[in-house]
Amino acid sequence: MTNSRREFLKVLGSGLAVAIVSRDAAAAVPNLSRAFGGAQPPHGSPTPTDEIAAWLHIATDNKVTVYTGKVEVGQGIRTSLAQEVAEELRVPTATVHMVMGDTDLTPYDMGTFGSMSTPRMGPQLREAAASARELFLDLAAARWKVPRESLITQLGEVYDATRRHRATFGELTAGRLLVEKVRDDAPLTPAADWKYAAGIAVDRVGARDIVTGKPHFPSDLRRPGMLYGKVLRAPSMGATLQSMDAGDAASVKGAVVVADGQFVGVAAPRTADAERALLGIRAQWKPAAGPLPDSRDVYDYLRRTPPAPAGGRGGEDGYNQARPVEKGNVAAALATAAHTLERSYTVAYIAHVPLEPRAAVAEWTHDAGGDRLTVWTGTQRPFGVKEELMRAFGLPDERVRVLMPDCGSGYGGKHTGECAVEVARLARAAKMPVKLVWTREEEFRWAYFRPAGVIDVKAGMTGDGTLTAWSFDNYNSGPAAIEPMYEIANQHVEYHPRESPLRQGSYRGLAATANHFAREMHVDELAHVAGLDPLAFRMRNLKNERLRAVFQAAADRFGWGKPRAEGHGVGIAGGFEKGGYIATAVELVVDRASGSVKLVRGVSAFDCGAIVNPGILRNQIEGAFIQGIGGALFEAIDFDHGVIRNAHLAQYRVPRFSDVPDIDVVLVDRKDEPSFGAGETPIFGVAPAIGAAIFDAAGIRVRSLPMARGGLKSS
Amino acid sequence: MRITLEVNGSRHEVDVDPGRPLLSVLHEELELSGPKYGCGESECGACTVLIDGRSVHSCVTPVSAATNAAVTTIEGLAAPGGKLHALQEAFMQEDALQCGYCTAGMIMAAASLLNATPKPSRDEIVRAMDGNVCRCGTYPRIVRAIQRAAGELPEPVSPTFREVQP
């Protein structure tokens, strides 16, 4: 929070404010660099000295407000976090208002990624709400001089069993502002006892505004006198600007040309004017020193290029510290195995394609303290974007404010603040508010990608299909979920960071998709070598009860093992990560003449502990399945000579209505387990299940993602 | 050039290049933000609006093509009194959205379909909607929402614990 705590409390007015003191700020630090889109964590960036993780406020009119730095990008936490607060307060979800991702009003938050909102922010908000509930009981007992145990709280009121005494939460604060910390003795309501708000499919907050087209998204924003921006882009990645001449740009009425080092842009009263002015600028560029690999030889490059230097920009997480796993003696176990299998798998760079591209509005104001910059932008890391702006403009903490209106999705692709910095440059020079919305082409060319990677796998097993040796080397794609979930005595597992020729960063699930693809495809092939059913083979080598349970649930719903139609193939795959357990089964048809793959149906079974909102959870699981189809079958970035060659939706195919099969979701509700997130893990089983089903249908093993771009080719 | 537009029942005079995309005029002249920019190339459908009841991709439709016609955007779909269109209700009932950025385009494309084909089959829905992208992957829910708005589904049953395995 930029404002001092005293100023913030003034914003709240009277009522009860509960401060949620962060417990796991330190624990989260090892993951910090993941958030920077493949770039290095900023050096000298202000460390969060504020230990408050969030605020809960209950006003005298009983309005409940939560202040959290988490943001809503479609995953549904504006609804599900409010449900958790409402449940502990015993009030309806609709009475809880969430203020999210505003760096002036909400405490510092690293960012909304890694499926952390539900397991980390959720319990902290529940504790705050439970503390508030208990405090209201204390206040009521003291005021009415009755035993605390005789009091009941429900629907924002406290009363005693006789109903002689009765008061709303707000009345109990008696016009004061009480400021409390979360207390240790406030009991949390077990999931099995949830009945007011949590555990049910309450309506998604904000849906009515969306279906009626009310301004909602960052790109919808308008400020008085606002201009529209455009930025001059290099002809290829890494090219440097040698010289520029504003040429005819200045003759466009109302256009402001901004040249600042490598940055050249235009702001004008209409986007069309800005585009016209940009066309008038003449610039000379020097290409990056080559040669760089292209999308055809990038896999050889990634395997052979020297490791990324320590602290360099290696891998999806931007850090190189993932340690190899060594257990037992892999070489000896391979030498004595009844069967061995050695294969390589590759995954392509893919783009997030958030339907709302990067968008931001910047406004500079001036007061006695100097310049002040306010930026509204779509980002998963409003505080990270704020730090980028502070560095870019040399501004202190209290002179920059970033607000994140709920934005048009992210999928891990909106961790960085390029657009925010660009538009702030334009607005500073134009002395007016400016909006900048990246074009789809800019989003393809200048955002970052899911890393490409090569994975070499060697495995050994006994004659009865018990895994004994496992060697797994991942080049560049990343270390997420890299360790096998199967019981294997001898293991070598290593992630090899590389300097990526393309800008790369987080993508839904990180490298867990690549690692599950390689692992589960390998396991499917091992099952065939052993002559075992792929599900039976897994169960033989799998101890984790929750993972076994989702495999069984998916298999039961799917009808695994039943006869299938001529030409149809089936496959199953799964795994776990970040507190979630997923198994996915698919049925598909391969057209042998064209090589096209048509999904017929799919089942995903998922367990992420106690379910907060089964409706939104189901929606997330379906969405992950469908997004997973794209990466599995046809999404890939083409590039050569530092240029993206398919930077348009007509050339980069994403899943559409006609690609989607019947999808059945089985929710496994573990009320006895803590709640975890669901934004990532449900995507992991899709690609390997499809790969296994392609083999089942056509006898072809495809070991590269995407598997059927332009039709199946044997590999 | 001065152009008269009728949008959501109101007449507007704008002075614009007749070749300028309708989407740009809606955004920057009429200050309507409901139709969305997604690609600018008629590939994603986020900008879908109705001209005389039929869907167009406003990002590639010149504003001159919208003269002497009634343009309807998502802002103008509900009845004048505020009663929501059946599609708007159905999208909420089926939770047929995640981030919601594609939703306006989806609803307008579906409105065009239902104008022409009040009781579409599932295949007709898929064919009519295939030009609209939902990157969050809510397609099955959108199909159900359209079926619901067309009166092809029984009364809504919201997902509850009955569907959840213990």
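**Close-up views of a predicted two-chain model**

**View 1. The surroundings of A:G602.** Beyond its neighbours within four places in sequence, A:G602 is in contact with A:A585, A:V586, A:F625, A:D662, A:I663 and A:D664. Please keep in mind throughout that this is a predicted model. A:G602 itself belongs to strand 25 of chain A, which covers residues 597–607. With a relative accessibility of 2%, A:G602 counts as buried.

**View 2. An aromatic pair between helix 1 and strand 3 of chain A.** The search of the whole structure, over all chains, finds 14 aromatic pairs. One of them joins A:F8 and A:Y67, whose ring centres are 5.1 Å apart; their planes stand at 85 degrees, so this pair is edge-to-face. Because A:F8 sits in helix 1 (residues 5–12) of chain A and A:Y67 in strand 3 (residues 64–68) of chain A, the pair ties together parts that are 59 residues apart in sequence.

**View 3. A:W364 and A:F393, an aromatic pair in chain A.** A:W364 comes from strand 16 (residues 359–367) of chain A and A:F393 from helix 9 (residues 382–393) of chain A, so the pair ties together parts that are 29 residues apart in sequence. A:W364 is buried, its relative accessible area being 13%. A:F393 is likewise buried, with a relative accessible area of 11%.

**View 4. Arginines over aromatic rings in chain A.** Two spots are worth a look here. At one, the charged end of A:R653 sits over the ring of A:F634, at 3.8 Å from its centre. At the other, A:R166 lies over the face of A:Y159, and the distance to the ring centre is 5.3 Å.

**View 5. Helix 12 and helix 16 of chain A packed together.** Helix 12 (residues 512–530) and helix 16 (residues 686–698) of chain A pack with their axes 8 Å apart and at an angle of about 35 degrees. Their crossing is right-handed. Which residues meet here? Helix 12 of chain A brings A:H516, A:F517, A:E520, A:M521, A:D524 and A:H528, and helix 16 of chain A brings A:A687, A:P688, A:G691, A:A692 and A:F695.

**View 6. The open sheet of chain B.** Five strands make up this open sheet, in the order 2-1-5-3-4 and with mixed pairing. Strand 2 (10–15) and strand 4 (54–57) of chain B stand at the edges with a single partner strand each, so one side of each has no neighbour in the sheet. From one strand to the next, the twist averages 40 degrees. Strand 1 (residues 2–7) and strand 2 of chain B run antiparallel and are joined by 6 bridges. Opposite B:E6 you will find B:R11, in strand 2 of chain B. Helix 3 (residues 103–116) of chain B packs on the sheet and touches strand 3 (48–51), strand 4 and strand 5 (70–72) of chain B; the directions of helix 3 and strand 3 of chain B make an angle of about 35 degrees.

**View 7. A hairpin in chain B.** Strand 3 and strand 4 of chain B pair in the antiparallel sense over 4 bridges. Together they form a hairpin with 2 residues between them, and B:D52 in the turn has a positive phi of about 50 degrees. B:L50 has B:S55 in strand 4 of chain B as its bridge partner.

**View 8. Helix 5 of chain B and its packing partners.** Of the 11 residues in helix 5 (residues 139–149) of chain B, 9 are buried, so this helix is largely enclosed by the rest of the structure. The buried residues include B:Y139, B:I142, B:V143 and B:I146, along with B:R141 and B:R148. Where do the buried residues of helix 5 of chain B pack? They pack against helix 15 (614–633) of chain A as well as helix 2 (86–93), helix 3 and helix 4 (122–129) of chain B. Just after helix 5 of chain B comes B:G151, with a positive phi of about 75 degrees.

Technical notes. Residues are numbered from 1 along each chain as its sequence is written. Chains are lettered from A and ligands numbered from 1 in the order in which they are written. This is a predicted model: local features need pLDDT of at least 70, side-chain atom pairs count only at pLDDT 80 or more; totals for chains, interfaces and linings use all residues. Side-chain values use heavy atoms; hydrogens and water are left out. Rings of Phe, Tyr and Trp (its six-membered ring) pair if their centres lie within 6.5 Å; planes under 30 degrees apart count as stacked, over 60 as edge-to-face and the rest as tilted. Buried means under 20% relative accessible area, exposed over 50%, partly exposed in between (1.4 Å probe, protein chains only). A charge sits over a ring if NZ of Lys or CZ of Arg is within 6 Å of the ring centre and within 35 degrees of the ring normal. Two strands pair if DSSP finds at least two bridges between them. Axes are lines fitted to C-alpha atoms, for helices over the stretch in contact, and angles run from 0 to 180 degrees between N-to-C directions. Contact means heavy atoms within 4.5 Å. A crossing is left-handed if the near helix is turned anticlockwise from the far one by less than a right angle, and right-handed if clockwise.
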